[in-house]
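Visitor: I have a few minutes and a new model to look at. Can you walk me through it?
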Amino acid sequence: MRIAMLARNPQLYSHVRLKEAAEARGHSLEILNTTRCNVNIASHRPTLTYNGKTLADYDAVIPRIGASITHYGLAVLRQFEMQGVWCLNESVAIGRSRDKLRSMQILAKYGIGLPLTAYANDPKAAEEIIKAVKGPPVVIKLLEGTQGIGVVLAETMTSAKSVIEAFRGANVNILVQEFIAEAGGTDIRALVVGGKVVGAMKRKGAGDDFRSNLHRGGSAEVARITPAERSTAVSAARRMGLNVCGVDMLRSNHGPVVMEVNSSPGIEGIEKATGKDLATVIIQFVEQNAKMGRTKTKGKG
Ligand code: ADP
């Protein structure tokens, strides 16, 4: 097969591993720098050019679009979809996952466990919102944050109110969430591929940080997940419409709650923690599913 991977950094562990795994199985995998793909919108002929050449004849696209270039990256991906090229994750699903509020609304609609969450617009409503999520304490999150940046734990009503007021005063969009103290600074990341959990790890924050992001110095080990966690991860992936994703969950005393569904999950932490070759699992899924015209969204929306 001829596979294109949309990614900016060919050196990144996940990208190197996916390329190796594809080549080991006899495929070619070209890493295309997403921001250098030019979108040509012409009636009935959606094309893409790259270094002066037209991109054509790919059997599959693996999108690894960074959060900072979501808008442009999705335009490029839609162009492939409009040509009928099969994409591992589709543009509409990635778009949903990039909006934390929209994701939570979708998951809530289908009864998937979530931390109590409120969306604050009016800074004057801070107290009401804090009470709505049974706080303080509460966790306040920037809607556009990633890698744990912009996630704040406010322990008292006074501090929670002032953080909400400061963010809203600066016109920053935030979510206010119930603090799952019993998770003890640990979360579970399940990698879902084609409707199955293929690996899971437990991440623990550095020192007394309540945030367990590996980018913030957290550590990871293999996790044995419960049937409830497994089915929560699988349902979250299905409801978001993602073939491949990382589902981040907290172990709350009312069962697993989903914090986030990541549509471009890194595989370094989870391959190392589980000792599994997950890149090959992903490539095998591509092999089994990539067919011209099988992309459902055809670039709409
Ligand atoms: P990001 O998308 O920036 O990584 P997350 O929402 O995943 O932000 O939060 C970062 C980390 O903070 C999580 O991995 C988790 O350890 C911790 N965390 C987030 N939300 C909560 C919460 N409601 N209760 C307890 N811990 C939380």
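Visitor: Which domains is the protein chain divided into?

Guide: This is a predicted model, so keep that in mind. The chain is divided into domain 1 (2–91), domain 2 (96–113 + 182–276) and domain 3 (117–179).

Visitor: How far apart do the C-alpha centres of domain 1 and domain 2 lie?

Guide: Those centres lie 25 Å apart. The contact takes 13 residues from domain 1 and 12 residues from domain 2.

Visitor: And what area is buried between domain 1 and domain 2?

Guide: About 1,000 Å². Carbon and sulfur atoms give 44% of that area.

Visitor: Which residues in domain 1 lose the most area to domain 2?

Guide: Tyr13, Arg64 and Asn89. Together they make up 50% of what the domain 1 side buries.

Visitor: Which elements each supply at least two residues of the side of domain 1 that touches domain 2?

Guide: α1 (13–24) and β7 (86–87). The largest share comes from α1, with 3 residues.

Visitor: Is Arg17 buried or exposed?

Guide: Arg17 counts as buried, because its relative accessibility is 15% and the cut-off is under 20%. Asp277 is partly exposed, with a relative accessible area of 38%.

Visitor: Which residue does Lys19 form a salt bridge with?

Guide: Glu23. The closest N and O atoms are 3.0 Å apart. Lys19 and Glu23 are 4 residues apart in helix α1, so about one helical turn separates them.

Visitor: Why would that spacing matter for residues that point the same way?

Guide: An α-helix has 3.6 residues a turn, so residues three or four places apart point the same way.

Visitor: And what are the accessibilities? Start with Lys19.

Guide: Lys19 is at 28% relative accessibility and counts as partly exposed. Glu23 is at 40% and also counts as partly exposed.

Visitor: How many salt bridges does a search of the whole structure find?

Guide: It finds 16. One more to look at is Lys202 with Glu221, where the closest N and O atoms are 4.0 Å apart. That pair links strand β13 (residues 196–204) with strand β14 (residues 219–222), and the two residues are 19 apart. Lys202 is partly exposed at 29% relative accessibility. Glu221 is partly exposed too, at 46%.

Visitor: Switching to the inside. How many residues has the largest nonpolar core?

Guide: It has 44 residues. Those with the most contacts inside it are Leu32, Phe80, Val247, Val258 and Val261.

Visitor: Why does this core lie between domain 1 and domain 2?

Guide: Both domains give residues to the core, so it lies between them. Apart from it lies another core, of 26 residues, including Ala7, Ile270, Leu278 and Val286.

Visitor: Back to Leu32. What is Leu32 in contact with, leaving aside its neighbours within four places in sequence?

Guide: Among its contacts are Ala4, Met5, Leu6, Tyr50, Leu55, Tyr58 and Phe80. Ala7 and Cys37 are in contact with Leu32 as well.

Visitor: Last topic, helix α4. Which of its residues are buried?

Guide: In α4 (residues 100–109), Lys100, Leu101, Ser103, Met104, Ile106 and Leu107 are buried.

Visitor: What do the buried residues of α4 pack against?

Guide: Three helices or strands to start with: α3 (91–97), β8 (117–120) and β9 (138–142) are among them. The list also includes β11 (174–178), α7 (227–240) and β16 (255–262).

Visitor: What happens at the start of α4?

Guide: A side-chain oxygen of Asp99 reaches to within 3.1 Å of the backbone nitrogen of Leu101.

Visitor: And which residue with positive phi follows α4?

Guide: Gly111, with phi near 75°.

How values were computed: Residues numbered from 1 in each chain as written. Predicted model: local features only at pLDDT ≥ 70, side-chain atom pairs only at ≥ 80, totals over all residues. Heavy atoms only, no water. Core = buried A, V, L, I, M, F, W, Y, C linked by side-chain atoms within 4.5 Å. Buried < 20%, exposed > 50% of the residue type's maximum accessible area, 1.4 Å probe, protein only. Domains from an automatic or database assignment. Contact = heavy atoms within 4.5 Å. Buried area = accessible area lost by both parts, 1.4 Å probe. Polar contact = N/O pair within 3.5 Å; in protein donor to acceptor, adjacent residues only side chain to side chain. Salt bridge = Lys/Arg side-chain N within 4 Å of Asp/Glu carboxyl O.
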